[in-house]
Amino acid sequence: MPTALKKVNTAARLLQAYTRLGLPNALDPDDVLSANLFGQYQIPVNMPTDAKIGAACAKASGNYSLCGPTPCTLDPSRPLRDQVSLKVPCEPAVDSSNLPGDPLGDCLITSARSRALTQRYEVWADQMTAGLHRERAPWMNDTLLGLRITTRLTHAN
């Protein structure tokens, strides 16, 4: 697997792991956060069980092979036809300075950037700062609940 795909996978796994570990109570009720990390249109990854980027590249390659032995006519929509693992049509890039310049690469990057992850993290951080939301690992919640029950049972008055 190319280094760039390894970096994409590592970044996606880190976002998933940090969110599960650091924001488990926010992840459960937040459909947007959950969908962007784990749903059908999650940030593009190329994991062994979820090869969205590989499937998109294979589909784009297949779209070009339909042209036959002669070069394809210039058509920026060709690599994006019939893509099932990307949000198509792709959203236009606000900042195209760091895009690779090919339709599929641009689509993958703008697709990842279009996710509302940053905004969702900010919402939960603001709620925690304001004291409206508390986070604890789920096992910690269970342990603390068990301790409270035990304390009440052992100290009846």
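Where does D82 lie? The close-ups below get to that residue, and to several others.

The model is predicted, so local features need pLDDT of at least 70 and side-chain atom pairs count only at pLDDT 80 or more, while totals for chains, interfaces and linings use all residues. Residues are numbered from 1 along each chain as its sequence is written, and side-chain values use heavy atoms, with hydrogens and water left out.

**View 1**
D82 lies in the loop between α4 and α5; helices here are DSSP runs (H or I, at least four residues; strands are E, at least two), numbered from the N terminus. Look at the backbone of D82: its phi is near 60 degrees, a positive value in a residue other than glycine. With 59% relative accessibility, D82 counts as exposed (over 50% relative accessible area is exposed, under 20% is buried, in between is partly exposed; 1.4 Å probe, protein chains only). V84 is found in that loop too, which runs between α4 (52-65) and α5 (103-114). V84 comes out as exposed because its relative accessibility is 67%.

**View 1. P89, another residue of the α4-α5 loop.**
P89 lies in the loop between α4 and α5. At 70% relative accessibility, this proline counts as exposed.

**View 2. A60, a buried residue in helix α4.**
A60 is found in helix α4. Its relative accessible area is 6%, so A60 is buried. Leaving out residues up to four places away in sequence, A60 touches P79, Q83 and L104 (contact means heavy atoms within 4.5 Å). For the pair A60 and L104, 44 residues apart along the chain, the C-alpha separation is 7.5 Å.

**View 3. The disulfide between C67 and C72.**
How many disulfides does a search of the whole structure find? The search turns up 1, and it joins C67 to C72, with 1.8 Å from S to S (the cut-off is a pair of cysteine sulfur atoms within 2.5 Å). The link of C67 and C72 is right-handed, with 115 degrees about the S-S bond. C67 counts as partly exposed at 22% relative accessibility, and C72 counts as partly exposed at 25%.

C57 has a relative accessible area of 39%, so it is partly exposed.

**View 4. Helix α3 packed on helix α6.**
Two packed helices are described by the angle between their axes and the distance between the axes. Helix α3 (residues 31-38) and helix α6 (residues 117-129) pack at about 140 degrees, with their axes 10 Å apart (axes are lines fitted to C-alpha atoms, for helices over the stretch in contact, and angles run from 0 to 180 degrees between N-to-C directions). That makes α3 oblique to α6 (under 35 degrees is roughly parallel, over 145 roughly antiparallel, 65 to 115 roughly perpendicular, and the rest oblique). The crossing of α3 and α6 is left-handed, a label for a near helix turned anticlockwise from the far one by less than a right angle. On the α3 side, V32, L33, N36 and L37 meet L117, R120, Y121 and W124 of α6. The contact residues split into 6 nonpolar, 1 polar and 1 charged (Ala, Val, Leu, Ile, Met, Phe, Trp, Tyr, Cys and Pro are nonpolar, Asp, Glu, Lys and Arg charged, and the others, Gly among them, polar).

**View 5. Helix α1 packed on helix α3.**
Helix α1 (residues 3-22) packs with α3 at an angle of about 145 degrees, axes 10 Å apart. The crossing of α1 past α3 is left-handed. L15, Q16, T19 and R20 in α1 meet L33, L37 and F38 in α3. These contact residues divide into 4 nonpolar, 2 polar and 1 charged.

**View 6. M128 in helix α6.**
M128 is found in helix α6 and counts as partly exposed at 32% relative accessibility. Not counting residues up to four places away in sequence, M128 touches L23, H133 and E135.
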